[in-house]
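Try each task before you read its solution.

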Amino acid sequence: MLKITILTLFPAYFDSFLNNSIIARAISKQVVSFNIVNIRDYTKDPHHRVDDTPIGGGAGLVMKLQPLVDCLKSNSNSKSHSILLSPLGKTFNQQKAIELSKKEELIFICGHYEGVDYRFNKYVDELISIGDYITTGGEIGALAISDAVCRLLEGAISSESIKEESFNDNLLEYPQYTFPFDYEGDKVPDILFSGNHKAIEIYHRREGLKLTKKLRPDLFSKIKLSKSDLKRLKEIETNSISKQEQEALIKGERFIKKNYQK
């Protein structure tokens, strides 16, 4: 079971997260446990402050070193991997989520205000950023990373769902559809009604390649293309499909004509 500890000034921020369907189910199945710790409980300031004005001037307030260090030390051990949510860190991605999911214990430290005393960085194992934008605190990052990690844990969700999710191989997930078949003239692709799983698999792969190349060229450049992938890309260029798909389309069209075009 993975243990996740979150050090924060706002423990209530995580109440809804811990009670949502996937996370709550993972907790009940003892796949993961959470411990939300209030950093403010560790301050030695007579006025219970955890922040101060920056030395040398500057806007806003900075979280003080003492409460952060004492809180971390009190809630960590030799198995813990501590992470400070910080713009100085490397950007979080799916590969990092996989890496973190293999740890025994994770500790997320949520900065707030204008950040934390710079000296605190050396007390943590890693700095992680969730992107090049500004949020009011590290809580949002801790939520995002915890969610991404938890869904990778065995028993949290079905293994088939994880296998087909976006970013697992730098490929965006193929388009998915629900009923009705025809919504204001926008129809579900015929091939999905063929019952030919191999042909549908080929179709899905090509569509995933197409979307990734168009929308996320940065990810596309990282894909290790197989021989079949190269065939799919050629089909995209020539606006053609494989022989298996051609045969499957006939079946799909027949099914649609029989069931949806009366």
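**Exercise 1. Overall form**

What radius of gyration does the protein chain have, and what would a compact globule of 262 residues have?

Solution. This is a predicted model: local features need pLDDT of at least 70, side-chain atom pairs count only at pLDDT 80 or more, and totals for chains, interfaces and linings use all residues. Residues are numbered from 1 along each chain as its sequence is written, and side-chain values use heavy atoms, without hydrogens and water.

- Start with the rule: 2.2 Å times the number of residues to the power 0.38, with the radius itself taken over C-alpha atoms.
- A compact globule of 262 residues would come out near 18 Å.
- The protein chain has 24 Å.
- Now check the box: along the principal axes, the C-alpha atoms fill roughly 80 × 40 × 40 Å.

**Exercise 2. Strand S6**

Find S6, residues 105–109, and work out how it is enclosed.

Solution. Helices (H or I, at least four residues) and strands (E, at least two) are DSSP runs, numbered from the N terminus. Buried means under 20% relative accessible area, exposed over 50%, and partly exposed in between (1.4 Å probe, protein chains only).

- Count the buried residues: five of the five in S6 are buried, so the strand is largely enclosed by the rest of the structure.
- Sort the side chains: Glu105, Ile107 and Ile109 point one way, Leu106 and Phe108 the other.
- In a regular strand, side chains alternate between the two faces of the sheet.
- Look for partners; two strands pair if DSSP finds at least two bridges between them.
- S1 (residues 2–8) pairs with S6 in the parallel sense over five bridges, and Leu7 stands opposite Ile109.
- S5 (residues 80–91) also runs parallel to S6, joined by five bridges, and Leu84 stands opposite Ile109.

**Exercise 3. Aromatic pairs**

Which kind of pair do Phe17 and Phe34 form?

Solution. Rings of Phe, Tyr and Trp (its six-membered ring) pair if their centres lie within 6.5 Å; planes under 30 degrees apart count as stacked, over 60 as edge-to-face and the rest as tilted.

- The count by this rule is 10 aromatic pairs.
- Phe17 and Phe34 are edge-to-face, at 5.8 Å centre to centre and 85° between the planes.
- Phe17 lies in helix H1 (residues 15–18) and Phe34 in strand S2 (residues 32–38), 17 residues apart.
- Phe17 is buried at 11% relative accessible area, and Phe34 is buried at 18%.
- For contrast, the rings of Phe120 and Tyr123 have centres 6.2 Å apart and planes at 20°, so this pair is stacked.
- Phe120 is buried at 0%, while Tyr123 is partly exposed at 34%.
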